[in-house]
Amino acid sequence: MAAKKAVLQLIIDKEKIRTKVFVTVAGFTGVTSITMDDKTGKLTVVGEIDVPIIVMKLRKLCNTEIVSVEVVKPPEKKPEPEKPAPPKPAPAKPTENIAAPMNYQNQYNPAYAYPDSYYQPNNTCVIM
């Protein structure tokens with residue numbers, strides 16, 4: 001379904017009805033924008049919409065007439081100009097004085113071994 005722009009003429013007496021119109025139209029799937037001119041009473045709805053269904057729903061709230069329906073063409077995408085390639089960085093020079101690696105001792109892995117009794121299950125029974 002192509003995007004459409006529908007202009008509807010509404011006769012609205014109260015602000016409460018105007019709010020209901022906006023809520024009703026916004027509830028339809030595919031609606032991308034809603035604008036209303038309060039002086040003329042024209043409601044413009046844009047999106048992938050079914051205009052007769054919107055008009056049927058709005059006629060329950062106020063007097064509604066279709067002024068015009070147009071198919072909206074998506075804006076043409078202009079080709080982007082090619083960007084010049086960034087200059088390549090110079091290769092890194094190797095360093096001559098490499099510091100000796102630090103003597104690192106893992107603090108979580110102790111150098112001493114646990115006694116064998118540490119790994120064996122404790123078979124004592126305690127009754128409380």
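1. Strand β1, which covers residues 4-11, pairs with β3 in the antiparallel sense, and six bridges join the two. The model discussed in this note is a predicted one. Within this pairing, Gln9 stands opposite Lys42 of β3.

2. The pairing of β1 with β3 belongs to an open sheet of four strands, arranged in the order β2-β3-β1-β4 with antiparallel pairing. Strands β2 and β4 form the edges, since each of them pairs on one side only. From one strand to the next, the twist averages 20°. In general terms, the strands of a sheet pair through backbone hydrogen bonds, in either a parallel or an antiparallel manner.

3. Helix α1 is placed against this sheet. The helix lies across β1, β2 and β3, and it runs at about 160° to β2. Helix α1 comprises residues 15-26.

4. How many salt bridges does the structure hold? There are two salt bridges. Side chains of opposite charge can pair when their charged atoms come close.

5. With which residue in a loop does Arg18 meet in a salt bridge? The partner is Asp38, and the side chains of Arg18 and Asp38 meet at 2.9 Å from N to O. Arg18 lies in helix α1, whereas Asp38 lies in the loop between β2 (31-37) and β3 (42-47), so this pair ties together parts that are 20 residues apart in sequence. Asp38, at 53% relative accessibility, also counts as exposed.

6. Taken together, Glu15, Arg18 and Asp38 are linked in a network of salt bridges.

7. Is Pro74 buried or exposed? Its relative accessibility is 67%, so Pro74 counts as exposed. Pro74 and Ala3 are 71 residues apart in sequence, while their C-alpha atoms are 8.3 Å apart in space.

Notes
Residues numbered from 1 in each chain as written. Predicted model: local features only at pLDDT ≥ 70, side-chain atom pairs only at ≥ 80, totals over all residues. Heavy atoms only, no water. Salt bridge = Lys/Arg side-chain N within 4 Å of Asp/Glu carboxyl O. Buried < 20%, exposed > 50% of the residue type's maximum accessible area, 1.4 Å probe, protein only. Pairing = 2+ DSSP bridges. Axes fitted to C-alpha atoms, helices over the stretch in contact; angles between N-to-C directions. Contact = heavy atoms within 4.5 Å.
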